[in-house]
Amino acid sequence: MFNGLREACGSVKFHFAMADLHHRIAGWFAARGWTPRPHQLAMLQQGLAGHSALLISPTGGGKTLAGFLTTLQELAEPHAHDGIHTLYISPLKALAVDIARNLEAPVREMGLPVTIETRTGDTPASRRARIRSHPPDILITTPEQVSLLVADPAAAHLLRNLRSVIIDELHAIVTSKRGVLLSLALTRVRAHAPATRFFGLSATVADPDALRAWLAPAGTTPVALVTGAAGAPPDLAILESEERVPWSGHSARYAVTDIYEAIKRHRMSLIFVNTRSQAELLFKELWDANEDTLAIALHHGSLDVAQRRKVEAAMAANALKAVVATSTLDLGIDWGDVDLVVQVGAPKGSSRLLQRIGRANHRLDEASKALLVPSNRFEVLECEAALEAVAENAQDTEYPMVLKLDVLAQHILGRAVAGPFDAAHLFREVTSAFTFRNLPRALFDQTLDYVATGGYALKSYERYAKLRQQPDGLWRLSHPRLAQQYRLNIGTIVEEEMLKVRIAKVRTVLGKRVATGGFVLGELEEWFLSQLAVGDTYLFSGQVLRHEGIDEFGALATRAPGRDPRIPSYQGGKFPLSTYLASRVRRILANPAQWGHLPPQVRDWLSTQRWASVLPDENQMLVETFPRAEKFYMVCYPFEGRLAQQTLGMLLTRRLERWGARPLGFVASEYALVVWGVRDMGTMIAEGKLSLARLFDEDMLGDDLEAWLAESNLMKRTFRNVAIIAGLIERRMPGKEKTTRQVTVNTDLIYDALRSHQPDHVLLRAAWDDAAEGLIDVHRLGGLLKRIKNQIIHRDLERVSPLAVPVLLEIGRESIQGSGDDALLAEAADALMDEAMRLV
Amino acid sequence: MMPFSPKPPMPSWTRPCGLSESHEISLAGLSFRPSLSGALFAPEQGALLVADLHLEQGAALARRGVAVPPYDTGLTLAALEAVIAETLPRTLYFLGDSFHDAAGHTLLDEALLLRLRTITEQIETVWISGNHDPAPKDTLPGRHVAQARIGPVTLRHEPSRSPATPEIAGHLHPGAGIVQRGHMVRGKCFVSDPRRIILPAFGAYTGGMSVRAPAFEGLLETERASVILLAREKMYRFPFARVS
């Protein structure tokens, strides 16, 4: 964290001079020949004046020190250890531990009498007890732990002398429910210690004002903004490969040799991909190409923690040539001398790309070097758009997440755990958070009622209420056991159900293969593992594994060297194409003048499209219809990301069905959507039997959406997450899940019951809001439908157009999201029937 | 926040209960028709079988501080009433775990108790005891037994490891997952082989446990077993080998 301090102070004038820095701190800087940076001094100046501040600075700006400087200055002299002085909050557990280490060393070197402790979910009870009885000056912790801290009845005592809260990676925290929960916890912190200053540390974002407002109580002046110096512009290029860029797919296999050569030419390369399966695939390909046995490692969230820590340590020691990683390495402190970042696959967003590029070379004065490797032709366009965006330093980060009622429910229970409360007072406090500033009182009361009794119209569980209003008007927890329950279920991260994967020993007993478990490789989603048959092979942890079955501890596997995995585990990327990049891609498509940078094969592809069909204007949406192999296809190009287009596909097929076009299926990619069916939709349009304007009318977001959601699994999945966060059902504890059949309730069944009995229940509302922003992305779909009103152009073609080829290739490869269970089961049963008929 | 328009998907709770003749299961020469509700009907004997209603499961959870919607008992009884109206059985067999816990039937809401009483007064009722509700439900009409018989078939709560006679049981809450196009569709199911039928849990909130789980191991003759998976609109039969 103290990297990059060598830069001399700029020409900016400061009221705060170096001379005012405490002599121990100043001496420490001087002994190393360093000078604090202007933004570090600016943060110190704000802090000492008692002001909160947001620091926005590219990676490598000595941001963390900027946050701590005020604390160190204030604690430099011997003082009474009288409660926590500074809370440092990081979204990453590992980061929290690392900061403690990197902070302890300089504090020791400066000879400051400062005590530091770390508290994360992994901290043993004895250490927690010590922290409680002897609070440190600086407590390093995670957002969830802050919620636990303020729910502690002793919170007022522990926080009575709190002066600073430092929130690291604020840009990452605010866009998630963790941020929403943290913002509520901070209202409690403020209540206990009104003089506390809040320091947000953030990468560059699209809307710094939103973050400034997030840090301050609603209705007050946003906090001061301190901006770090911009680093040298990155040295960024798209891979120019001799190989043919594929039409579709996400493997980037064509580029493996080129990537390998790039790795050889650099000290250490960080290779980012978008999904875990891409990481596995690329890692295997690189090792197959690894004639020089370079030290190449793999890092993603499903790998065993110990294995990940080993990779991180090796990086820090500069013992690796390359690491293939997913977003698990997006955040965090420096790990070694990375001098090349490779982004394989679409960058998805400008800011995300900038942050990843920032992982290379943490020195501001040197340009970060990065290479973009598109895995298909549309991604070439996306990379080109990203290149332009980066050149302009254009940001497309999301706006902070607000108003999550499930999170509010969790906070209300936590508030009751801390002690009795007055509803009106809590409402004022909650709405002082940026995230809930627009919360209507009625919705607050509904949520409170939910926490107290479940909020059901039928009041038969009144006697089991969790909260009760006392004669004095205060709400009180009805049973101390609920406090324990709250602590066990804290947090907003709902994991998919995972199973451990262990390497098995296989023996033959009485002619039967018997597998017993060995060491743990990591964890995989249960849905994936449970669809494997014994003998199936798949790729995990960089090796081909043979599935040997599932026992009560998880999945068993043996190594199956040298074989191609039979079962792909491809899942679409988690990050949808940002609206910002999408509009740039449309602009590039519409302007042949901009094609100069594109590889010749991509240029040819677009030119042929212009000749065979048409390239739409920036604001138009093209719809193409054509026959192919006895079916009729309709392809449209919204460029709104897979999730929104999947929803569009579901709704379009419903309408086409109703209007007699007899659709058979659809597939959505990030860029395009194809629907195919029995009737010639092109002729129907020509004859006026099908109106594209009506087909794409915004009214599809009314009843059609409602009818689809009634049976959509996506909605049920969203509801399950909401139900867990809101405490309707308990989290499954690790290891317990397989044995608790009788007591686990099925959230799908609860969802059905609630929908039919109480459609206005607060949790259904919360689930709907989540789905609209997330899995079904109705917001973005609504934006699209508005944008293309009167802007649809149609071409009826004799055959498939060049632009349509990529999405047509996805048919059969992509699974259909969101179709009803019945449709899938009917298909499976029909397939069996066909098979049976063939045998006859 | 999106505009939120609460609108019930259906005018009232209409859980489908349709019997399916095409999915008839025969056991020891008797024929049984599965219902989408999870009940099993023997038309020749006029016997209706339901297992694992887990009535008042919601209340039991609420007592532990898990406030699930208090609609499960009402839903379960509505489903039972619907399947009774469709089959008009002479005898109604509860295959155990009818109540989620022993306290369940004493705490039952007045109106719900009346509905259950009405059913069991009108139809000859046999309560087979389960592990959740071993004590006889003396406040409700009907015979209380450890197991019962229909012809050569034994009805009991818990499937036995090596049944001397063909049996129909519950207890395990069978469920199955079918993978199609990379998606797993899960649901409650009937599972049967030449010697037994295991009923899905009838309770509205009671989920399923995969027939591939260890609890089923050694119980079924898997080569000759099949499942009938209950989906929203229909049921679907699959050979055991097709289940993931």
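1. Not counting residues up to four places away in sequence, Leu556(A) touches Arg502(A), Ala504(A), Ala515(A), Gly517(A), Glu548(A), Gly549(A) and Asp551(A), where two residues are in contact if their C-beta atoms, placed from the backbone, lie within 7 Å. Leu556(A) belongs to strand β20 (residues 554–559) of chain A, strands (E, at least two residues) and helices (H or I, at least four) being DSSP runs numbered from the N terminus.

2. This is a predicted model, in which local features need pLDDT of at least 70 and side-chain atom pairs count only at pLDDT 80 or more, while totals for chains, interfaces and linings use all residues. Residues are numbered from 1 along each chain as its sequence is written, and chains are lettered from A and ligands numbered from 1 in the order in which they are written.

3. Leu556(A) is buried, because 25 other C-beta atoms lie within 10 Å; the term buried requires 20 or more such atoms, exposed means 12 or fewer, and partly exposed lies in between, with C-beta atoms placed from the backbone.

4. In helix α30 (residues 778–787) of chain A, the buried residues are Val778(A), Arg780(A), Leu781(A), Leu784(A) and Leu785(A). Seen down the axis of α30(A), they fall within an arc of 160 degrees, so they line one face of the helix, the arc being that of the directions from the helix axis to the C-beta atoms. These buried residues pack against α21 (579–590), α23 (642–658) and α29 (762–773) of chain A.

5. Chain A has 32 helices and 25 strands, and buried residues make up 49% of its 840 residues.
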